Amino acid sequence: MTMPQAAASDAARPSVGLAHFVANSTWDDIPQPVRHAARRALLNFFAVALSAAHTPSMDIAVRTYARFSAGRDASLVGRPDRVDALNAAALNAMAANVFDFDDTHHPTIIHPTSPIAPVLFALAETRPLTGQQLLHAFVLGVEVACRIGNAISPEHYARGWHITSTCGVFGAALAAARALGLNAGQNLDALGAAAVQAGGLVEALGTGAKSISVGNASRNGLLSAFLAAEGFDGPSLPLEGERGYLRVAGDNPRLDAITGQLGQRWELLNNAYKPYPCGVVLNPVIDACLELAADPRIANGRWTGIARIELTGHPLLRQRTDRPGVTSGRLSQVSAQHAVAVALVRGRAGLPEFSDEAVADPALRDLGARLAFHDDPAMSVDAVRLRIDFADGASLHREVTKPRGSLARPLEDREIEQKLRDLAHHGQVEIDIDRLIDSVWSLETAADAALPMRLSASRR
């Protein structure tokens, strides 16, 4: 099998390298494990989007965006509403990211499927597209977004950029460009259009505003490809130029991270799927707390004897989740104080545990206030040491190095299927779940790539 690889001269010109790679790739170049990973990602996409379909945030967004829709060509996951392709891409991306339950690329912490998959399903509903073509474009879009993320992580996120949104727009643009059959020159123009529309702030995490930038990444990526298809031009080096995206949004971009082993090493294989609806750095924390929740010293209300809780982990754990006294379910998704308390007290960590109702529980707020952090830069972001001290001097310890849902301990296919069933039930949508699951698994041989999206749309 011959892999399309970036030329050596493209190493210093990643914009050109990516543009040519996406234009020249063939389905035969995509290894079977990557094809399977793509279907897993899409199955997880429908699961998380269904869970949020009828949240107040999505009701507001759909009502507002629909006022400016140019047509009713495309479906919305879990809803009967129809809007134009651009607005469908935005709204479906927003739904997939509302509960912070979407996939996670390591090490960048990009949630790549949320901004990229909606673009392709919107296209599939407006023009002929086979399942194989959709999967191929999706794989390439994820590759683009995550490789750009690799070049500027972790400093990009540390500066306050929401990396799913900022890098997602590039993946969405070239995924759409591939589905539209654009050539390398047009792909380069699509990257240029995407670069000037990249945005999103970490400050918005836990609020509805975060969803706007995720939706924009999808919508703007699709718009970039449409513009390029019509001859709209852009800068020759949109990523690596002197004032290009990488140098403006990053500190010391590593250009070789974009084109190195392009076509040989696939970023989709570094994608993991969450078992809990919260920031991925909290996965090991919740695992540890759930293990201890059944301990006789904690179970049946005895957790009231806890005097102090200490988390030792990579500094990113504290930086991203030290949020005491959160006031909403969305904010609780990125709060270690809430996650620790609710997992210990309730022995569960599903969507009801990260809701406004759970946040309002004074007992959880009180227990969370007893949490302290200890940074250990040598630890993996997938690891945590938990220590619980009791008022009587006793203590409990637990260490987790391979949390559930991590690359070292990934969710199995059947677990992602069950996640879809559970989240569809939570979202109270009326669809044929079995047919949706089957349509995603059989997408590679499907003549109509839009079938999963149509099956995911609620009848009411």
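Over residues 18-253 the chain is 62% helix and 3% strand, with the end C-alpha atoms 16 Å apart; helices (H or I, at least four residues) and strands (E, at least two) are DSSP runs numbered from the N terminus. UniProt lists that range, 18-253, as "domain: MmgE/PrpD N-terminal" in an unreviewed entry; such annotations may be inferred rather than shown by experiment.

This is a predicted model: local features need pLDDT of at least 70, side-chain atom pairs count only at pLDDT 80 or more, and totals for chains, interfaces and linings use all residues. Residues are numbered from 1 along each chain as its sequence is written, and side-chain values use heavy atoms, without hydrogens and water.

Now the pockets. A pocket is an open set of points on a 1 Å grid over the protein atoms alone, where a 1.4 Å probe fits, with protein on both sides within 12 Å along at least five of seven lines; lining residues have an atom within 4 Å of a point.

The largest pocket has a volume of about 300 Å³, counted as the space filled by probe spheres set on the points. Its lining has 16 residues, and Phe-101, Pro-275, Lys-419, Asp-422 and Leu-423 are the closest to its centre. Domain 1 (6-274 + 412-456) and domain 2 (280-400) each give at least three residues to this lining; the bounds come from an automatic or database domain assignment.

The second largest pocket holds about 260 Å³. Among its 15 lining residues, Pro-56, Phe-99, Gly-329, Arg-330 and Asp-356 are the closest to the centre. Two or more lining residues come from each of α3 (56-66) and α15 (329-332).
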